[in-house]
Amino acid sequence: MNKIAFSEILKDKKAVFFDMDGVLYDSMGAHADAWNNAFRFYGIDFPQERVYENEGRTAQSTINLVYRQNEERDATETEINQIYSKKTELIEFLPDVVPFEGAKKLMEYLKQQGIAIWVVTGSSQDKFLDALLNDFEGYVSSERVISGNHVKHGKPNPEPYLLALKKSGFNSDEVIVIENAPLGIQSARAAGIFTVAINTGILDDSILWDSGADWVFKDWNELKAEI
Ligand code: MG
């Protein structure tokens with residue numbers, strides 16, 4: 001595919017919708033570890049690569065998916081609560097996640113051009129949502145965050161990105177999405193939005209292209225070099 005300049009992608013755009021985990025934060029390793037160990041605690045195998053493939057699902061959807069594949073049934077309410085509590089507990093022990101340096105640089109670049117910044121995340125944990133407002137103070141405000149608390153279906157359903165369009169008042173062609181995960185890319189594309197992927201995880205670039213990404217940067221450095 002011919003190279004598209006990032007400045008060309010942003011031309012005439014009014015907003016960028018950022019995913020959070022794996023785009024703004026180098027946090028997916030921590031989440032993958034916590035999921036992997038939470039399932040293992042209950043005797044269920046959920047390898048790291050599967051965590052990355054399913055990134056962006058709500059916690060309930062993730063747990064049900066694993067039960068369907070391992071036990072051929074949905075998880076019970078109790079099982080969902082147990083595993084999710086364990087995951088939340090385990091993530092507390094992991095080192096604090098830090099923002100990607102490129103993410104701040106890009107936000108400053110957007111701010112200077114008057115391009116609005118929104119965050120659309122499946123996360124609903126206060127710890128991370130509070131950190132987001134602190135770490136990106138001056139760029140991200142709470143009324144421009146769509147979290148897991150605002151949606152019923154979550155990614156890969158287009159609901160989160162459609163809600164961001166509705167709340168922001170922008171048309172789909174006035175916005176781009178920046179995502180890192182296959183299901184997030186599918187969600188954004190299903191909402192009709194041009195989607196740039198940054199591959200910050202362990203999956204092959206081809207998986208991001210195959211999920212429908214309009215452009216894939218192989219890491220933050222590659223994008224940062226253009227701003
Ligand atoms: Mg992500």
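How many nonpolar, polar and charged residues does the lining of the largest pocket have? The model examined here is a predicted one, in which local features need pLDDT of at least 70 and side-chain atom pairs count only at pLDDT 80 or more, whereas totals for chains, interfaces and linings use all residues. Residues are numbered from 1 along each chain as its sequence is written, and side-chain values use heavy atoms, with hydrogens and water left out.

By class, the lining of the largest pocket has eight nonpolar, 14 polar and eight charged residues, where Ala, Val, Leu, Ile, Met, Phe, Trp, Tyr, Cys and Pro count as nonpolar, Asp, Glu, Lys and Arg as charged, and the others, Gly among them, as polar. A pocket is here an open set of points on a 1 Å grid over the protein atoms alone, where a 1.4 Å probe fits, with protein on both sides within 12 Å along at least five of seven lines, and its lining residues have an atom within 4 Å of a point. The space in the largest pocket amounts to about 540 Å³, a volume being the space filled by probe spheres set on the points, which are joined across faces, edges and corners. Of the 30 residues that line the largest pocket, Arg57, Thr58, Ala59, Gly122 and Ser123 lie nearest its centre. At least two lining residues come from each of α2 (28–41), α4 (59–71) and α5 (77–93), and α5 gives the most, with five residues; helices (H or I, at least four residues) and strands (E, at least two) are DSSP runs numbered from the N terminus. Because domain 1 (6–26 + 97–224) and domain 2 (29–92) both give residues to the lining, the largest pocket lies between them, the domain bounds coming from an automatic or database domain assignment.

Helix α5 also holds Asn81, which is partly exposed at a relative accessible area of 43% (buried means under 20%, exposed over 50% and partly exposed in between, with a 1.4 Å probe and protein chains only). The C-alpha atoms of Asn81 and Gln60 are separated by 8.6 Å, the two residues being 21 apart along the chain.

The strands form an open sheet of six with parallel pairing, in the order β3-β2-β1-β4-β5-β6, and its edge strands, β3 (145–146) and β6 (215–217), each pair on one side only; two strands pair if DSSP finds at least two bridges between them. Strand β1 (residues 15–18) is joined in the parallel sense over four bridges to β2 (residues 116–120), and four bridges also join β1 to the parallel strand β4 (residues 175–179). Phe17 stands opposite Trp118 in β2, while in β4 the residue opposite Val16 is Ile176 and the bridge partner of Ala15 is Val175. Both faces of β1 are covered, with Ala15 and Phe17 buried on one side and Val16 and Phe18 buried on the other.

Salt bridges, each defined as a side-chain nitrogen of Lys or Arg within 4 Å of a carboxyl oxygen of Asp or Glu, number 11 in the whole structure. In one of them the side chains of Glu226 and Lys3 meet at 2.7 Å, N to O; Glu226 lies in the segment after α11 (220–224) and Lys3 in the segment before α1 (6–10), so the pair ties together parts that are 223 residues apart in sequence. Glu226 is partly exposed at 26% relative accessible area, whereas Lys3 counts as exposed at 53%. The side chains of Arg68 and Asp74 meet in a salt bridge of 2.6 Å, N to O, with Arg68 partly exposed at 44% and Asp74 partly exposed at 40%. A further salt bridge joins Lys127 to Glu92, with the closest N and O atoms 3.8 Å apart, and this pair links distant parts of the chain, Lys127 being in helix α7 (residues 126–135) and Glu92 in helix α5, 35 residues apart. Asp19, Lys155 and Glu179 are linked in a network of salt bridges.

Some features of the backbone may also be noted. Most residues other than glycine have a negative phi, and most peptide bonds are trans. The peptide bond from Lys155 to Pro156, however, is cis, with omega near 10 degrees, and Pro156 is found in the loop between β3 and α8 (159–168). Asp12, in the loop between α1 and β1, has a positive phi near 65 degrees and counts as exposed at 65% relative accessibility. Glu72, in the loop between α4 and α5, has a positive phi of about 55 degrees although it is not a glycine, and Glu72 is exposed, with a relative accessible area of 73%.
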